[in-house]
Amino acid sequence: MTAIRNYLRAHIRDPNPIAYALMFLAAVFFPVVVQFATNGNGDYLVGLAADGGVYMLMAIGLNVVVGFAGLLDLGYAAFFAIGSYTYAILASAHLSVTPIGHAVHLPFWILLFIAMFVAACAGALLGAPTLRLRGDYLAIVTLGFGEIVPRVFANGGIWTGGIPGMSALDVPKLPFWIQGPWVNLPLGLTPDEFRFTSANLTAYYVLMLILITFVVILVHNLQNSRLGRAWMAVREDESAAAACGVNTVGIKLLAFSIGAATSGFAGAFYGAKLSYVSSENFGFIVSVTVLAMVVLGGMGNIPGAMVGAAVLYFILFYFLPQAPAQLEGLATSVGLGSLNHANASGWPGLGEEVSRAKYVIFGLILVGIMVLRPQGLLPSQVRKQELTHASKAELVAVAK
Amino acid sequence: MVQRVRASVVAAPSASLINVVGAIVVAYVAVVAAQRIYHGGPVYFAQTLGFGLALGAIYALVALGYTMVYGIIELINFAHGDVFTLGAFFSLALMPAFGLTEGKSSGIGLILPLLGLFVVTMLFCAVVNVVIERVAYRPLRHAPRLAPLITAIGMSTLLEGLMFVWKGPFNLHYPDLLPETQVTIAPGVTIAAKALVVMGVALVLVIALTQFIGRSKLGKAMRATAQDRDAAQLMGIDINRTISATFFIGAVLAGAGGIIYGLYYNSVAAFDGFQYGLIAFTAAVFGGIGNIPGAALGGLIIGVVAAISDGYFAPAWTEVLIFSILIFVLVFRPTGLLGMRVPEK
Amino acid sequence: MSDFILRVSGLTKRFGGLTAVDNVTFDVPAGEVFALIGPNGAGKTTMFNCVTGVYKPTLGRVTFLGRDLTGSPPHRAAKAGIARTFQNIRLFEYMSALDNVRLGHHCRMHSKLWDSLFKTPYERHEERRITEHSMDLLTLVGLDHHAENYARNLAYGQQRRLEIARALATEPKLLLLDEPAAGFTPQEKVELMELVGTILKRGITVFLIEHDMKVVMQASQRIVVLDHGEKIAEGTPNEVRGNQRVVEAYLGKSA
């Protein structure tokens with residue numbers, strides 16, 4: 001018991017290992033708990049969580065760009081799109097309808113890394129000329145890029161499937177997998193090749209859990225290396241960092257490319273699971289969602305980004321879709337049932353109103369957090385100091 | 001300050017090569033465009049040009065707000081494009097109150113109620129913009145650079161969300177009150193009267209703005225604050241009030257732009273402002289950020305470029321073109337056409 | 001006659017209509033303390049900025065260890081062996097003292113991205129090495145007990161010394177100190193001179209901007225004087241002290 005207490009005390013300045021341990025345990029037990037709670041009908045929730053993992057990966061990646069290096073990337077979804085489309089083109093029958101005439105079916109596992117690499121290259125290409133711009137300009141350049149990429153894919157005609165996109169993408173395959181009571185089979189290895197289909201969402205969930213663990217370990221290592229230190233220094237005082245020998249443009253580019261790579265990585269998983277890509281899924285709403293997740297959770301803090309992703313994803317994809325029905329029921333029960341229905345003067349019904357609230361929520365989170373609690377839900381100790389000190393500086397300046 | 005000097009130094013060597021390449025590309029495209037314009041004939045060209053100038057006039061009105069705010073606090077007010085859309089929405093809701101209904105009103109009888117509509121809408125937008133500054137930007141004036149950028153995006157999203165909740169994703173119909181006639185500018189060649197009205201209104205507003213900035217005390221205060229905030233403060237200028245005034249005036253123009261937009265296109269939707277704002281900002285940068293004539297000029301040019309792209313090339317690629325222009329200008333010639341008004345230290 | 005570690009020739013820096021540095025030429029001998037003095041606004045910090053690459057000179061050349069460094073970006077100057085401190089202290093306030101000094105080692109470390117990602121034995125070994133070296137430097141400036149404190153929580157004098165330790169971490173051959181004694185008590189100034197002496201003994205040339213004449217005269221072997229961007233004198237402390245133009249620049253011409 002004292003050993004645990006001593007460990008906790010030693011880590012009070014850096015609560016991250018505890019956060020990671022808690023999250024990992026929660027993630028491992030989540031499907032079990034869900035299946036028990038829903039009497040075996042928990043597949044939907046488990047699948048939803050696997051999809052949430054995609055956003056969590058992106059939040060972790062964007063956190064490197066925004067939180068570590070302090071660069072505002074408003075077009076993050078562009079790299080997500082690039083990753084997904086890379087997967088779609090190289091893991092489907094699609095190429096056979098193009099002038100190449102010959103389909104390519106690379107395995108999912110290799111494509112994860114190819115997509116990552118392609119996205120990283122795109123990040124480097126965009127970043128090289130633009131990262132030396134000041135913050136506002138960089139933000140709007142990335143915003144422009146985020147608008148350009150999906151449109152290019154939509155206009156890509158036969159090469160990218162045009163506006164309808166591409167479907168019937170290959171599913172990931174493994175020579176074997178574990179089967180057990182959750183699919184009503186005896187515990188053991190599957191007899192033949194295992195395919196990740198929508199029939200076995202738990203497999204996707206486990207895969208996502210492994211991928212996230214892998215990425216978190218790598219990014220955590222980065223944070224505690226000379227790169228992490230250099231990013232923090234550049235964020236604080238770029239000129240001083242340069243005077244100390246840090247190639248500021250170079251390491252910003254590195255952060256940007258790593259963020260892009262993570263997004264591409266997530267994109268490949270997303271494309272494979274959905275078995276469908278279309279340029280409509282990669283708009284600004286995705287970029288702003290991921291940004292809100294990082295800001296909400298705590299910029300610069302990996303567990304923060306993860307918690308922010310989990311919380312916001314839950315709100316957007318579980319709570320909000322359910323809310324209309326719940327609220328309508330509530331309204332009826334307190335006698336305001338008339339609110340539930342659309343009427344002639346333009347009120348679309350309570351349910352519809354609530355489901356439109358997504359953007360308002362984002363806006364309130366972004367503004368509210370930055371003004372009221374800029375360090376987010378789970379602040380890194382450093383950030384907390386930086387931002388509370390800044391508000392004091394402002395008080396001093398105003399008092400002058 | 002130092003970083004900005006450094007950045008321009010690093011950009012210089014590659015810029016000269018890219019300038020040459022860029023000039024060649026632009027020349028090539030211009031030649032192809034000229035050919036197509038010639039083949040398309042003067043009638044089509046006049047229509048396209050009218051469309052482009054009207055579009056450009058609206059962009060100019062919105063671009064002015066961006067450029068003034070950027071000039072004074074070096075922040076991109078992402079929400080500005082949504083204030084523009086809000087102007088359209090608000091004026092639409094207010095139209096019955098002014099007795100303006102489609103088909104029923106036209107001609108001279110329109111002018112007074114329209115004027116009233118303009119004034120009320122412009123005031124409303126101005127107040128909204130000032131509140132945005134007060135709530136989202138002022139508390140963060142001394143925070144790390146990233147913070148006000150994030151609240152700016154947040155405000156933009158919030159406004160879009162509110163309009164979305166209010167009116168949904170639908171395209172709202174905006175009454176068609178402008179004259180439908182065509183004005184002849186050459187034998188057989190006409191330009192829509194609508195376009196001329198739009199340009200006229202925009203011109204009046206821009207002239208009013210330029211006079212105000214150039215001559216009034218507040219205008220002087222705005223220019224001084226934009227050049228050197230600390231010195232301005234030492235001269236007794238109330239910085240907070242000056243900044244609020246800048247937001248106020250910028251939104252006045254945007255609100256007017258919103259009404260004109262509605263009258264010309266007869267359709268508004270909640271998320272229109274996002275793209276319009278981005279394109280208007282492109283225009284502001286293109287003309288020279290912080291530079292008022294630059295924003296107006298940039299708006300017109302971008303409008304005409306967009307119209308020519310729509311009319312003679314492929315509409316699907318117009319936005320890609322505009323956003324590419326944005327990136328290229330920022331990377332290779334961030335001072336834009338007419339250069340920055342804010343001098344470097 | 002010692003070698004010249006830094007040679008500045010015909011250096012001019014103009015900002016639009018303002019000429020901050022006007023055709024200045026001087027040579028800094030290796031292994032000595034070289035001082036740059038002049039009234040406020042003479043262009044001293046601008047000169048430092050031109051040497052370290054913060055500004056690109058309008059005209060002229062900067063040669064370091066025989067290599068032309070004119071207009072190189074700051075991180076290249078640091079890598080070549082020029083380190084500096086700042087007039088108004090630019091530490092990384094929200095990093096610990098130890099991390100500030102560790103950051104100084106950045107350009108002398110060879111871990112690649114791969115090493116950082118996977119925490120390879122090479123990376124861990126390098127981190128241990130630079131942490132040890134950082135603690136040595138902190139001990140040298142008397143801050144080893146404050147290693148874990150955030151830099152912004154240190155006293156003014158401690159912050160100045162930390163900046164020097166961070167600069168030393170870049171393993172420089174030339175150390176530029178911009179008004180290192182500003183705001184120091186006489187006792188602190190004595191300790192600073194002792195530190196400079198120790199730095200010299202390590203083979204590092206010290207080039208300093210300073211206003212305190214006593215410090216300058218005692219510590220430096222050669223001095224160059226700027227006024228309104230022009231060089232008005234260069235020589236040993238005694239030569240400069242007796243120079244009429246220097247006296248007039250500081251005190252104004254007598255009627």
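Predicted model: local features only at pLDDT ≥ 70, side-chain atom pairs only at ≥ 80, totals over all residues.
The largest nonpolar core counts 310 residues, and the contact between chains A and B draws 46 residues from chain A and 44 from chain B.

**The core**
- Five residues touch the most other members of that 310-residue core: A:Ala59, A:Ala255, A:Val295, B:Ala60 and B:Leu61.
- Helix H2 of chain B (residues 42-73) supplies the largest share of this core, with 20 residues.
- If you want to look around A:Ala59, leave aside residues up to four places away in sequence and you'll find it touching A:Val290, A:Met293, A:Val294, A:Ala305, A:Met306, A:Gly308 and A:Ala309.

**Where chain B touches chain A**
- Chain B brings 44 residues to this contact, and chain A brings 46.
- On the chain B side, the elements giving two or more residues are helices H1 (2-40), H5 (146-167), H10 (272-287) and H12 (318-332).
- By residue type, the chain B side splits into 31 nonpolar, 8 polar and 5 charged.

**Chain C**
- Chain C has 10 helices and 10 strands.
- Its C-alpha trace spans about 70 × 40 × 40 Å along the principal axes.
- Of the 255 residues in chain C, 44% count as buried.
- Take the chain C contacts between residues at least 6 apart in sequence: 67% of them join residues at least 24 apart.

How values were computed:
Residues numbered from 1 in each chain as written. Chains lettered and ligands numbered in written order. Core = buried A, V, L, I, M, F, W, Y, C linked by C-beta atoms within 7 Å. Buried ≥ 20, exposed ≤ 12 C-beta atoms within 10 Å, placed from the backbone. Helix = DSSP H or I, 4+ residues; strand = E, 2+ residues; numbered from the N terminus. Contact = placed C-beta atoms within 7 Å. Nonpolar A, V, L, I, M, F, W, Y, C, P; charged D, E, K, R; others polar.
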